[in-house]
Amino acid sequence: MLTEKLKTLSSSPVWIHLGLELLDADQGKSKVGMPVKNEFLQIFGKVHGGILATLLDATMASAINSVLEDHVFSVTAEMKIHYLRSASGPYLIGKGEVIQHGRSITVCKSEIYDAQEKLVAFATGTFVNKEKT
């Protein structure tokens, strides 16, 4: 069951524009799907690294928001990405997980898999948690 907070996150303009689909987010873990559109490809016909970075970030954000209280939001402070192989195919899956959750800082990891379930890229990220004022 998705909370209102997660529904709001996954209905943001960037999620809609990219076609990101929140498949699951609960207890610090998440799964986000993304169809590969022609507009996402670089000159060699593979998914552009910036698109992959966005999927990694969105996957970590949904994992974090599955554990944050309703009055707290989180923003990305830092993200390190490892690109392992080129990505193509009809659909990519991002899997995210909270590694350490504190009052003001949360650390996450995220992985992207292609349709053949091969690991394409992974990232770690640091997020700052703030109370809504």
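Q: Which residues does Gly-94 touch, not counting residues up to four places away in sequence?
A: Gly-94 touches Ser-30, Lys-31, Val-32, Leu-55, Thr-59, Glu-111 and Ile-112. Contact here means heavy atoms within 4.5 Å. This is a predicted model, in which local features need pLDDT of at least 70 and side-chain atom pairs count only at pLDDT 80 or more, while totals for chains, interfaces and linings use all residues. Residues are numbered from 1 along each chain as its sequence is written, and side-chain values use heavy atoms, with hydrogens and water left out.

Q: Thanks! Where does Gly-94 lie?
A: Gly-94 lies in strand E4, residues 91-101. Helices (H or I, at least four residues) and strands (E, at least two) are DSSP runs, numbered from the N terminus.

Q: And is Gly-94 buried or exposed?
A: Gly-94 is buried, because its relative accessible area is 0%. The cut-offs are under 20% relative accessible area for buried, over 50% for exposed and partly exposed in between, with a 1.4 Å probe and protein chains only.

Q: How many residues apart in sequence are Gly-94 and Lys-31?
A: They are 63 residues apart in sequence, and 5.6 Å apart in space, C-alpha to C-alpha.

Q: What about the strands: how do E2 and E4 pair?
A: E2 and E4 pair in the antiparallel sense, over seven bridges. Two strands count as paired if DSSP finds at least two bridges between them. Opposite Tyr-91 in E4 stands Pro-35.

Q: How many bridges join E4 to E5?
A: Eight, and the two strands run antiparallel. Val-98 has Cys-108 in E5 as its bridge partner. The hairpin that joins E4 to E5 goes through three residues.

Q: How many bridges between E5 and E6, then?
A: Nine, again in the antiparallel sense. Lys-109 is paired with Thr-124 in E6. E5 and E6 form a hairpin with five residues between them, and Glu-117 in the turn has a positive phi of about 65°.

Q: Switching to the core: which residues of the largest nonpolar core touch the most other members?
A: Of its 30 residues, those are Leu-20, Met-34, Val-47, Leu-52, Leu-55, Leu-92 and Ile-112. Two or more core residues come from each of helix H2 (13-18), strand E1 (21-26), strand E2 (29-35), helix H3 (49-65), E4, strand E5 (105-113) and strand E6 (119-131). A nonpolar core is a set of buried Ala, Val, Leu, Ile, Met, Phe, Trp, Tyr and Cys residues joined through side-chain atoms within 4.5 Å.

Q: Which element gives the most to this core?
A: H3 does, with eight residues.

Q: Leaving aside its neighbours within four places in sequence, what is Leu-52 in contact with?
A: Leu-52 is in contact with Val-47, Tyr-83, Ala-87, Leu-92, Ile-112 and Val-120.

Q: What does the side chain of Ser-66 reach?
A: The backbone nitrogen of Gly-28, at 2.9 Å. Ser-66 has its place in the loop between H3 and strand E3 (72-83). With residues up to four places away in sequence not counted, Ser-66 touches Leu-6, Ala-25, Asp-26, Gln-27, Gly-28 and Lys-29. A polar contact is a pair of N or O atoms within 3.5 Å; within protein, one must be able to donate a hydrogen and the other to accept it, and residues adjacent in sequence count only if both atoms are side-chain atoms.

Q: Last one: in which strand is the place of Gln-100?
A: Gln-100 is in strand E4. Leaving aside neighbours within four places in sequence, Gln-100 is in contact with Ile-105, Thr-106 and Val-107. The C-alpha atoms of Gln-100 and Ile-64 are separated by 9.9 Å, with the two residues 36 apart along the chain.
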